[in-house]
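Trainee: I would like to go through some helices with you. Please show me the structure before I ask anything.

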Amino acid sequence: MAIQQRRRRADTVDPALILRVQMSGPLLEEEWNKVGLTLLSSDEDRTLVLFSSSDELAEFRRKLTAFGDGAPPGQINPSFAGFIANIESIGEVAPRDRIGVRAREAGLVDVEDFQPGTAYVIDIELWDIGRRELRERKVDDIVRYAEARGAQELDRHVGPNLTLVRLRCDGAVARTLLTIEEVADLDFPAEPDVTSAERIDLTLDDLPDLEPLDDEAPLIGIIDSGINDHPLIEDIIVGSIAIPDTLGTADDHGHGTFVGGIATFGDLRAQLAARTLNRHARLCSAKIIDSTGNFPTNRLTPRLMREAVTRLNAEFGCRIFVIALGDRTKVVENGKVGPWAQTLDELVRELDVVIIVAAGNRQPRHGLHVEKAVTEYPAYLMESANRLCEPAGGLNIITVGAIAHGTGLNARAQDNVGVRAITEAFEPSPFSRAGPGAQGAIKPDFTDIGGTLIYDGPNAALQGGEVHREAGVISLHYRPIDRLFAARSGTSHAAPLVAFKASQILAQFPDASANLVRALLAGSATIPEEASHRLAPLGATAEFALCGHGQVDSERASFSDDARVVLYAEDELAIDHFAIYQIPIPEAFQTVRGRRTIRVSLAYDPPVRHSRLDYSGLSMDFRLIRGCNSDLVFEHYRQRTQAEGPVPDMENRFNCKLTPGPTLREKSSLQTASVTFSRDISAYGDSYFLVVRCAGGWAGDTGQQGFAVTIEISHEAEIALYERLRQRIRVRL
């Protein structure tokens, strides 16, 4: 504290008291609050960053003194030992600790690496030090100081919890800004992860008839480089905007039109092979990147995203969004995500929308090691350098990784020993990135076709759909006068496939909440057997890290059938409350031979804060109970007094053993798990109970938490489950 006071200078922004504390035990946030310190950030290594608006900290000093005086008479331990003894060290946040990951990767690892006389464009994030007006004043102070030294403010964003400003300034100014206590992070702007432009010419002489699309079809918003008036989609583009307006709405990069084509056509390669051209969704567009594939310099990325999503939602009623972009220079480390992910997660909760993002791409090997992309596949997919790109680690958004559609080789390449395939069909794409996401959540949520890479020995290069059409996903070319179609490889092209499938759900249930759409997607997804087999040597976590819950089956997501029934509910729960749903189990499901499965999926959209180790402000979970009556279930899960202790574990004979287990699945806001039976289960009765619980975190005053839950009941035998369930439900109504 004294060090910070001595460091203050009259010609700089007056800093508040911000401390870095290393703990050896529990983080004890409530105890820190009692002594006048507010938690700003926490990490897995038990490092805390704490804020106080006062230098005095009288209560903290009193407890330190009491602890230092030793144990009082009649006590074994000193006063406040449970709190003070867990503190290993207290110090300052050093200026070099504020340098962001992109700047460090560019070689600027210390304050002195910012060179006087060199101009930098930097993004500054402030700690969440309190009310909005307080943070606005602090931004004003910083900008006023920087501008007095020749800097230029390009943009700022003060959101619910995020405070950012973008400046163009000299290196000498950047050095001083790194010493300001309220600055949490100083970094270079994000770089979009956009695959390079096509280099192939794919033409089709004889197109099948284009089927018309209903005016009420679902609407998908493409937040990208714009969408051009391609003859196959020009009639279904509802509207286009650009941020800023000076960008214009035309797609002069090509990425957005390609993504939009997948979002409405789905698997265009399969459609063309079947001689069909069916669209399933209308499109709208927000152009936010220029012809070089870069974001506008004068816009902060979180603010850019918020404006794009809110405007498309307000102006066109859009509820499904695809953001097939990512910051390839910033990966999810130690379960921590950044402002971009937090902003998208906030928008999902605020607007009740589905936002789908790409996991990100990484060229697995380069230069002299390029061949190892073949020989070391798939092990490199689990390397720490291959973690998800920002914003793909977010909780409430849907993140999509990529699987291959085949080897990517054409007939000519198969005869050339120097050209090697890396994948077979439905194996993870060699460029796809791996989870987990925020706070260890299962990420990506899903995987879908994104193309593959091949190893071209003669050219010592890895090549995708941009060079070999067989290796890529087919969609629309942004210059249809030149050619109608193009091919590309990337997770950017798997993400709109999931948006396409989400639109199928919205077509069937137009009033469905975003949580219900997510839950139905999860309940229909399975990891391809080919991917499971290929990833098995990497350990049990590799499947979830690369494929999430699997590949979505849009038919299963949208419809029931005779031997497979999906029940769903949309509901709300207060913190520390639970709901119980009675699930009817037909006799045929209990007794008819064959494998039968119950699958439960839960989706909710908690408040989030990226500066915290516990990113999510609350948590939810579920249990499937059988073989007992409802009174026992209510008694077991009722709220208990402190003297009674925590809720005990349900007896194993009552608790269905769902897979994956609670330890893994409950880190996510999108959860799905199942149990499969092969024997007679009539002893457990004709009703099961689904218990859904909501537990508090730091978001103690959030009110009711919305959620959706689905229960799929299926039997491998052709038995009329649907009709039997419908009859039981009618009788109860």
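Trainee: What distance does helix 14 reach from its first C-alpha to its last?
Mentor: This is a predicted model. Helix 14 covers residues 495-508, which is 14 residues. At 1.5 Å a residue, 20 Å is expected. The model comes close to that, with a reach of 21 Å.

Trainee: How many residues of helix 14 are buried?
Mentor: Buried here is under 20% relative accessible area. Residues that pass include Phe-500, Lys-501 and Gln-504. Helix 14 is largely enclosed by the rest of the structure, because the number of its 14 residues that are buried is twelve.

Trainee: How far apart are the end C-alpha atoms of helix 10?
Mentor: Helix 10 has 16 residues, so at 1.5 Å a residue it should span 22 Å. The model agrees, as the end C-alpha atoms are apart by 22 Å.

Trainee: Are helix 10 and helix 11 roughly parallel or roughly antiparallel?
Mentor: Two packed helices are described by the angle and the distance between their axes. The axes of helix 10 (residues 301-316) and helix 11 (residues 339-351) come within 8 Å and cross at roughly 25°. Angles under 35 degrees count as roughly parallel. That makes the relation of helix 10 to helix 11 roughly parallel.

Trainee: In the contact of helix 10 with helix 11, how many residues are nonpolar?
Mentor: On the helix 10 side, the residues include Met-305 and Val-309, and those they meet in helix 11 include Trp-340 and Leu-344. By class, the contact has four polar and three charged residues, and the nonpolar ones number eight.

Notes. Residues are numbered from 1 along each chain as its sequence is written. This is a predicted model: local features need pLDDT of at least 70, side-chain atom pairs count only at pLDDT 80 or more; totals for chains, interfaces and linings use all residues. Side-chain values use heavy atoms; hydrogens and water are left out. Axes are lines fitted to C-alpha atoms, for helices over the stretch in contact, and angles run from 0 to 180 degrees between N-to-C directions. Helices (H or I, at least four residues) and strands (E, at least two) are DSSP runs, numbered from the N terminus. Angles under 35 degrees count as roughly parallel, over 145 as roughly antiparallel, 65 to 115 as roughly perpendicular and the rest as oblique. Contact means heavy atoms within 4.5 Å. Ala, Val, Leu, Ile, Met, Phe, Trp, Tyr, Cys and Pro count as nonpolar, Asp, Glu, Lys and Arg as charged, and the others, Gly among them, as polar. The expected span of a helix is 1.5 Å times one less than its number of residues. Buried means under 20% relative accessible area, exposed over 50%, partly exposed in between (1.4 Å probe, protein chains only).
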